[in-house]
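Good morning, colleagues. Please take a moment to look at the sequence and the structure on the screen, and I shall then take you through some selected features.

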Amino acid sequence: MKRAAGFLRIASFAGVALLARAAEPEPTPAPEPIVRLPPMIVSDTAGGAKWLYASVRGDEYLSRCSRSTTVAFVASWSRALERLHAVVPDAFLADIPSVTVLNDSTTKPKADDQVAREVLRLDNAMAQPNSRSAVGFLPNLELDGRDLSAWFAYIDEGMSDSRELAISPPYLRFLLERRTPMLPPWLVEGLLVVNAQVDVRAEAVTLRPFIWLSSAESSAIARNPARPRALLPAGEMFAPDALRAEGDHHPQRVQTLRTQVGLFVRWALDPRHQAREAFWAFAQRASAERVTEELFIKNFGFGFSDLRDRLSDYLPLAVKEPLHLEPRARTKGPRIETRDATPAEISRLRGTWERLEIAHVQKFYPEYAARYIAQARRTLRRPYEEGDKDPRLLVELGLCEIDAGNSAAGLPFLEAATAAAVPRPSAYYEVARLRFLELMRDQSPNRLCSAAEIAPVVEPLRRAIKLPPQLPEVFGLLADTWIRARESAPAEDVEALARAAHYFAMNPAVSYRIALALARSGRRAEATELLAHGIDYVADDAGRIRYAQLQAALTKPEPAPR
């Protein structure tokens, strides 16, 4: 499960504390490190607390705050997304639904050992030698569930202030990196730099003056436009290996490269240059093929050396003046209606959040994972044992058991959910993955399977492919399955793999496997093209050698290796 590092989603909202993405906890001074556990909802699901429910554009909200605070939160988040869309078109962002749990800050557990002992029953663990000396709770957090994201936030109802929410760099990175076809790294970094400049206090979408390397350097250039500055060659901005060599890791080079792609994006969005349409067309092409100067000239009408000069000339203006972006056509805000949440909704949405906490705790604080597993199981199983067979609940029950390491118990829940056509690609993937593992158990590495044997694996993958978001692991497993088959893949699956070659060429975890499957299906030219594009994004020497060897094999007249 991929997790992007980061710290903030919320700038400020009625006293909301900082919201952290699923990232490695910030280091704390020795000698007493603090365990920063995900926030827990201590109260019983079936207790007397009143929860509200809202659904807006496919996103679900579960709130224990007042109705007015809940509506204000959802409305402010919708405005934050509108500001983002004024900078980044919808087509360049992943469309992934979210679950948000809002809680009154008066119920927030205190970050002290006594609360930790009561909630997590850590008396024994705290007494162990070498145990961490203090346990606290992150005030808020966002977690990645592959085909959904989940948020938890405490809100102080007692504050009248209601400043705007802001899109954080980590959340924007999540939306950009999960988009298909994948976006090139330079574009992701450039958009992150520009979005960080959005002034959420301005009524129109406005970018604050640009920061070049540092505030001091930016001020110096603003005072003296002739001040010397070193820009990297434009070709390096778009090169996947610009930071690969050992000598390319100097902090000054890394910072310059990242800042320069941000300057390029800002230059392209500035209405004075009339380059916005050309820029997004170029970005679309860069998602599917290697960036060359020829490609750049086709979109902009000038070359790399001219680009470097134009960016250098634009820099003094960018660091001095704000930039007002041309707004998109205004859309009417979403209709926000809240109602009392049903017991089933409370359990399912709370359980979704608690289930996603498991992987986070297992990664960073495995000694506490058992308590989170028990919490999620209890929340999810209560409605199921009372007769609730909602496919969305079944998915969470199945994924919870898989996250807990009990795949055998999780598979029946997922099979029942997929039989009910639940729109969650992760459910179909897990069913296929577990069936594939069972099929390959104790088999020789060279053993090939019949089409009938792999049919139970392929069938759920075909269904997952038709559901958003497109998961790279789905296509990787489809490739693995047909590589192990005696028969050739049918046209339907070959075409799906060919699409995936364009979606995920920049993802080494799947591109090599897709190339193998395409080659075995007779699509050598596409496999060779995929390898040529994908090798640029392989970080290690051994991986690049493997790509090159397969490329060489595909240029020979012999059949491609199985």
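This is a predicted model: local features need pLDDT of at least 70, side-chain atom pairs count only at pLDDT 80 or more; totals for chains, interfaces and linings use all residues.

Together, β7 and β8 make a hairpin, with four residues between them. In that turn sits Arg-146, whose phi is positive, at about 70°.

Are the faces of β7 covered or open, and which residues lie on each side? Both faces are covered. Leu-141 and Leu-143 lie on one side, Glu-142 and Asp-144 lie on the other, and all four are buried.

Leu-356 belongs to helix α12, which covers residues 343-364. Is Leu-356 buried or exposed? Leu-356 counts as buried because its relative accessible area is 2%, below the cut-off of 20%.

Let me place this in the context of the whole chain. The chain has 562 residues, of which 53% count as buried. It contains 22 helices and 11 strands. Among contacts between residues at least 6 apart in sequence, 71% join residues at least 24 apart.

Next, a pair of helices. Two packed helices are described by the angle between their axes and the distance between the axes. For helix α14, residues 391-403, and helix α15, residues 407-419, the axes come within 7 Å and cross at roughly 160°. That angle is why α14 is described as roughly antiparallel to α15. The crossing of α14 with α15 is left-handed.

Which residues make this contact? From α14 the contributors include Pro-391, Leu-394, Val-395 and Leu-397. From α15 they include Ser-407, Ala-409, Phe-413 and Leu-414. The residues of this contact divide into 11 nonpolar, three polar and one charged. Glu-401 of α14 is among the contact residues, and Glu counts as charged.

I close with the backbone. Where are cis peptide bonds found? One of them joins Thr-180 and Pro-181, with omega at about -10°. Pro-181 is located in the loop between α4 and α5. Another cis bond runs from Pro-468 to Pro-469, where omega is near -10°. Pro-469 lies in the loop between α17 and α18.

Positive phi values also occur in residues other than glycine. Arg-57, in the loop between β3 and β4, has a phi of about 50°. Gln-274, in the loop between α8 and α9, has a phi near 50°. Are these two residues buried or exposed? Arg-57 counts as exposed because its relative accessibility is 58%, and Gln-274 counts as exposed because its value is 75%; the cut-off is over 50%.

Note on methods
Residues are numbered from 1 along each chain as its sequence is written. Side-chain values use heavy atoms; hydrogens and water are left out. Axes are lines fitted to C-alpha atoms, for helices over the stretch in contact, and angles run from 0 to 180 degrees between N-to-C directions. Helices (H or I, at least four residues) and strands (E, at least two) are DSSP runs, numbered from the N terminus. Angles under 35 degrees count as roughly parallel, over 145 as roughly antiparallel, 65 to 115 as roughly perpendicular and the rest as oblique. A crossing is left-handed if the near helix is turned anticlockwise from the far one by less than a right angle, and right-handed if clockwise. Contact means heavy atoms within 4.5 Å. Buried means under 20% relative accessible area, exposed over 50%, partly exposed in between (1.4 Å probe, protein chains only). Two strands pair if DSSP finds at least two bridges between them.
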